[in-house]
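Hello,

The structure you asked for is below. My notes follow it.

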Amino acid sequence: MKQAYREIQGKRSRKIRFALLTTIMMAMLVLQACGNNTGGNGASASGGSNTEKAGEGATSTSNVPAVLNFGFIGSNKLNVPGGAEGWGFYKGIIQEELKKYGITEVKLTGFPNGPDQTESLISGRLDIGSLGDTPAIIAYASGAKTRLISQSSANTIGYLIGKKDGPKTVKDLQGKTIAIQKGSFMHRYIVGLLQEEGVTDYKLVHMLIPDATAALARGDVDATTNLGVPALKLIDQGYTHLDDASKHPNLLGSSATVVSEDYLAKFPDFPKVWNEAREKALADLKQHEDEYYQFLAEIGDTTPELAKQVNPISDIKDTAFTDEGTKLLDGTKNFLVEEKLAKKDFNISDWQLK
């Protein structure tokens, strides 16, 4: 009997030890799973999550792509635009702000004109672009899935320049050939100007600015449009200054910063983040005015004095939208619709994302 009793007790002890061991192993597995889940929700090497680094009240950035593709108009050795955005990229201010939200790299690409840039936005090669209002409006009216998040300037001046020993006034362009960049804000400027001046018989030919300048020098075209420092250089070289948009406030150009809806689906808070980063860059720019004009001179291949004349800091808007800028956008949109350059009418407020 004693032997049987000891065998029964031994079996019970083994069962208890087995049950206890099983319970401990299950508890360890649960703790390990909890630890893995915590690490998978954005923990960084320093132990904090992306959301914590973004600041109080920030939303999750787990879906934000690490690379932001930004397009601008122009080409220069620094590969940056002008304005607050360009200064922010040049000084690294914008990159530092974007890093807080998981964006570790910004790829900048210069384009010769707005239509080329909007094509890249539509195809998904770009996430965000800064360009003239006219090509941005034309693209949106044609169905491009973009949203307008900023209008950083509203005083872009287009110039109309005639060939040497050619037309002396705008009215002299009756029956003449004019080189333009089709779909650009200067396209809108020249059509509006000729309409105001009553010039009805003319031919517009699409040329990029370098090609148009060469054609003007050869006498292949009677006039061309241009802007900024290149326009002033042509005038200094003896070409005829026929007109410029500073005399026609309704024909001034403005900038447009647009973001693809696909990108916004991944980062809904991007407009707020972007505009705050831009405003920070502008505040820094205003503290270093001389250095900023030297920066503009470098990317524009000119002098700081001429850069200041063409692109004064006072022209840079310190908020995403202004009543003045929105009014100009609306007027440009109405003109493009009337001239059938934009495929359909729409409300600017439906496009804006504030």
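**What I found: the sheet first**

Five strands form an open sheet in the order β7-β6-β8-β5-β9, and their pairing is mixed. Keep in mind that this is a predicted model. The edges are β7 (202–206) and β9 (240–244). Each of these two has a single partner strand, so one side of each lacks a neighbour in the sheet. From one strand to the next, the twist averages 30°.

Now the pairings. β5 (residues 158–162) runs antiparallel to β9, with four bridges between them. Within that pair, Tyr 159 has Asp 244 of β9 as its bridge partner. β5 also pairs with β8, again in the antiparallel sense, over five bridges. There, Ile 161 stands opposite Thr 224 of β8. The pairing of β6 with β8 is parallel and has two bridges. Ile 178 has its bridge partner in β8, namely Ala 223.

How covered is β8? Mostly: four of its five residues are buried.

Helix α7 (residues 185–197) lies across β5, β6 (176–180), β7, β8 (223–227) and β9. Its direction makes an angle of about 65° with β5.

**A helix pair**

Two packed helices are described by the angle between their axes and the distance between the axes. For helix α3 (residues 83–91) and helix α12 (residues 289–300), the angle is about 95° and the axes are 11 Å apart. Angles of 65 to 115 degrees count as roughly perpendicular. α3 and α12 are therefore roughly perpendicular to each other.

Which residues make the contact? From α3 they are Gly 83, Gly 86, Trp 87, Tyr 90 and Lys 91. From α12 they are Glu 291, Tyr 292, Phe 295 and Leu 296. By type, the residues of this contact split into five nonpolar, two polar and two charged.

Helix α11 (residues 270–286) has 17 residues. From first C-alpha to last it reaches 24 Å, close to the 24 Å expected at 1.5 Å a residue. Its buried residues are Phe 270, Pro 271, Val 273, Trp 274, Asn 275, Ala 277, Arg 278, Ala 281, Leu 282 and Leu 285. An α-helix has 3.6 residues a turn, so residues three or four places apart point the same way. Among the buried positions of α11 are Trp 274, Ala 277, Ala 281 and Leu 285. Asn 275 and Arg 278 are buried too.

Where is Ala 320 found? In the loop between α13 (304–310) and α14 (323–338). Is Ala 320 buried or exposed? The cut-off for buried is under 20% relative accessible area. Ala 320 has 15%, so it is buried.

Ala 320 and Asn 275 are 45 residues apart along the chain, yet their C-alpha atoms are separated by 6.5 Å. The two residues are in contact. Leaving aside neighbours within four places in sequence, Ala 320 also contacts Ile 149, Ser 150 and Gln 151.

**The chain as a whole**

The protein chain has 15 helices and 10 strands. It has 354 residues, and 45% of them count as buried. Take the contacts with a separation of 6 or more: residues 24 or more positions apart account for 79% of them.

Best wishes

Terms used. Residues numbered from 1 in each chain as written. Predicted model: local features only at pLDDT ≥ 70, side-chain atom pairs only at ≥ 80, totals over all residues. Heavy atoms only, no water. Axes fitted to C-alpha atoms, helices over the stretch in contact; angles between N-to-C directions. Parallel < 35°, antiparallel > 145°, perpendicular 65-115°, else oblique. Contact = heavy atoms within 4.5 Å. Nonpolar A, V, L, I, M, F, W, Y, C, P; charged D, E, K, R; others polar. Pairing = 2+ DSSP bridges. Expected span 1.5 Å × (residues − 1). Buried < 20%, exposed > 50% of the residue type's maximum accessible area, 1.4 Å probe, protein only.
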